[in-house]
Amino acid sequence: MNNFDTIIIGAGPAGMMAAISSSFYGQKTLLLEKNRRLGKKLAGTGGGRCNVTNNGTLDDLLAGIPGNGRFLYSVFSQFDNHDIIHFFEENGVALKVEDHGRVFPVSDKSKTIINALEKKMLDLGVTIQTQTEIVSVKKEGEAFLLRSQTETWTAKRLIVTTGGKSYPSTGSTGFGHEIARHFKHTITELEAAESPLLTDFPHKALQGISLDDVTLSYGKHVITHDLLFTHFGLSGPAALRLSSFVKGGETIYLDVLPQLTEQDVLDFLKKEREKSLKNALKALLPERLADFYAQPFPEKVKQLTAKDEEQLLQRLKSLAIPVTGKMSLSKSFVTKGGVSLKEINPKTLESKLVSGLYFAGEVMDINAHTGGFNITCALATGWVAGSLNN
Ligand SMILES: Cc1cc2nc3c(=O)[nH]c(=O)nc-3n(C[C@H](O)[C@H](O)[C@H](O)COP(=O)(O)OP(=O)(O)OC[C@H]3O[C@@H](n4cnc5c(N)ncnc54)[C@H](O)[C@@H]3O)c2cc1C
C-alpha cells in the first residue's frame with residue numbers, strides 16, 4: 001500500500017530529522033531518497049567527520065546564519081543546537097566540541113551520525129526507500145501524488161527536503177525548487193555561497209598549507225578563522241566567509257600573525273638577529289610559508305635594512321592578494337536563495353499557499369556559514385516541519 005500520512009523527499013539531515021519527528025508524532029511516514037545511501041552530502045562535511053552542529057549561544061547561531069537567520073527564531077525556540085546535541089547523546093553518539101564551537105562525533109566518522117539517524121528512523125517505524133528518484137509531484141484534492149519512473153505514492157502531508165543546488169553530485173540538483181514552482185511558490189535568486197576564492201597568487205608553492213586563526217579582510221569585513229591554500233586559491237572557513245563580500249577584481253589582505261602586533265614582530269626579529277630570516281620565521285609559520293615570506297629579503301635577519309623590515313612587516317600583517325573570481329554555484333559549499341520565506345509559516349514551515357506542503361533545510365532561502373550552522377538549520381527545520389506539535 002503506497003498511502004502514507006507524511007512523505008518526505010530527500011534524505012539529507014533535514015529529511016532524516018523530519019522523518020524522525022513525523023513518526024515520533026504518530027504519522028505513518030515514508031522517506032524517499034534517490035541515492036543509494038542516506039546523507040551523502042552530510043557525510044562529506046567537516047572533512048568527512050560530520051560537523052553535526054555548533055554549540056554556541058542563540059546569538060552565535062544567528063551570527064553564523066547570514067542568510068535570513070532571523071526567520072529561524074521560532075524554529076530554534078522549538079528545537080535548537082542544544083536539542084541536537086541532546087538528541088545524538090540520547091541516541092548513543094558521544095560528541096566533542098572543537099575550535100569555534102564545532103561539534104563532531106568522538107569517532108571522527110560521519111557514519112556514526114548517519115547510522116544513529118537511520119537507526120532512530122527504523123526504531124520509530126519510518127519506511128525508508130533509497131534509489132528512488134521522484135520525478136513529479138501534484139496535489140489531487142487533499143492528497144499529494146508523487147511519482148518515480150516506476151511507482152506512485154499518496155500522502156496528506158508532503159515535506160520537501162531536497163537541498164539546494166551546490167555539489168549536485170551529492171543529489172541536490174534543485175528538484176525541490178521545481179516542486180515549489182509547480183505550487184506557485186517564488187524562488188529567490190540562486191547564488192553561490194561559502195565559495196572558495198580564485199586568486200592571483202603563487203599557488204604551486206603554497207598549496208596544501210593550512211593555517212589556524214589568521215585574519216582575512218576586505219574593507220570593513222574582517223574575518224579571523226582557519227585558512228587553506230589550494231591549487232586554485234584560498235579555501236577554509238576564512239575564505240568561505242569572505243566570499244559573501246567579493247566577486248572577483250578586488251584585493252583582499254591576509255594577516256598571518258593576527259595575534260602579534262607589529263612591535264611584537266620587530267621585538268621577535270631583534271631577538272633572532274643571528275639566525276637566517278627563513279629559520280627565524282619557521283618559529284612562527286609553517287616551513288613553506290616561512291620560505292615564501294623570507295624569499296625577497298637578505299638571508300640573515302641582521303642584514304635587514306629598516307626598509308626591508310617595513311616591507312616584511314607589511315607582507316606578514318597585510319599581504320595583498322588579488323581575487324580573480326569565486327567557484328561556481330555547483331562547486332560552492334552552500335546555495336544562497338531558495339523557496340521564498342515570505343510564503344512559508346515560520347512557526348510550522350508549512351507553505352502559506354498550499355496546505356499540507358512543508359519545506360525544510362537548504363531548499364529554503366536560508367544560508368549559513370560552514371562550521372555546523374547549515375546542518376543545525378537543516379536538522380532544526382527538519383524536526384519542526386515533521387512535528388505536529390505546533
Ligand atoms: C563539501 C561540503 C562541506 C560542507 N561542510 C559543512 C560544514 O562543515 N558545516 C555546515 O554547517 N555545513 C556544511 N556544508 C553544507 C551542508 O552539508 C548542507 O547545508 C546540508 O547538507 C543541507 O541539508 P539538506 O538536508 O537541506 O540537503 P542535502 O544534504 O543536500 O540533502 C538533500 C537530499 O535530497 C535528495 N534528493 C534531491 N532530489 C531528489 C529527488 N528528486 N528524489 C529523491 N531524492 C532527492 C538528494 O539526493 C539529497 O540526499 C557542506 C557542504 C559541502 C558540499
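This is a predicted model: local features need pLDDT of at least 70, side-chain atom pairs count only at pLDDT 80 or more; totals for chains, interfaces and linings use all residues.
Residues are numbered from 1 along each chain as its sequence is written.

**Exercise 1. The ligand shell**

Task: Find how many residues surround the ligand, and which are the closest.

Solution: 
- Step 1. Set the cut-off: a residue is near a molecule if one of its heavy atoms lies within 4 Å of it.
- Step 2. Count the shell: 36 residues surround the ligand. The closest are Ala-14, Glu-33, Ile-134, Glu-362 and Asn-374.
- Step 3. Sort by class. Twelve are nonpolar, 19 polar and five charged. Here Ala, Val, Leu, Ile, Met, Phe, Trp, Tyr, Cys and Pro count as nonpolar, Asp, Glu, Lys and Arg as charged, and the others, Gly among them, as polar.

**Exercise 2. Backbone atoms at the ligand**

Task: Which polar backbone atoms lie 3.1 Å and 2.9 Å from an oxygen atom of the ligand?

Solution: 
- Step 1. Take the 3.1 Å distance: the backbone atom belongs to Phe-373.
- Step 2. Take the 2.9 Å distance: the backbone atom belongs to Asn-374.
- Step 3. Check the cover. On its own the ligand has 990 Å² of accessible area (Shrake-Rupley method, 1.4 Å probe). The protein covers 96% of this area.
- Step 4. Assign elements. Helix H1 (13-24) and helix H14 (373-386) each give two or more residues to the shell. The largest share, four residues, is from H14. Helices are DSSP runs (H or I, at least four residues), strands likewise (E, at least two), numbered from the N terminus.

**Exercise 3. The cysteines**

Task: How many disulfides does the model hold?

Solution: 
- Step 1. Apply the rule: a disulfide is a pair of cysteine sulfur atoms within 2.5 Å.
- Step 2. The count is zero. For Cys-50, the nearest cysteine sulfur is that of Cys-377, 15 Å away.
- Step 3. Check exposure. Buried means under 20% relative accessible area, exposed over 50%, partly exposed in between (1.4 Å probe, protein chains only). Cys-50 is buried at 0%. Cys-377 is buried at 7%.

**Exercise 4. Positive phi**

Task: Where do His-100 and Tyr-167 sit?

Solution: 
- Step 1. His-100 is in the loop between strand S4 (95-97) and strand S5 (102-105). Its phi is near 55°, a positive value in a non-glycine residue. His-100 is partly exposed at 35%.
- Step 2. Tyr-167 is in the loop between strand S9 (152-160) and helix H7 (175-182). Its phi, also positive, is near 45°. Tyr-167 is partly exposed at 36%.

Technical notes:
Side-chain values use heavy atoms; hydrogens and water are left out. A polar contact is a pair of N or O atoms within 3.5 Å; within protein, one must be able to donate a hydrogen and the other to accept it, and residues adjacent in sequence count only if both atoms are side-chain atoms.
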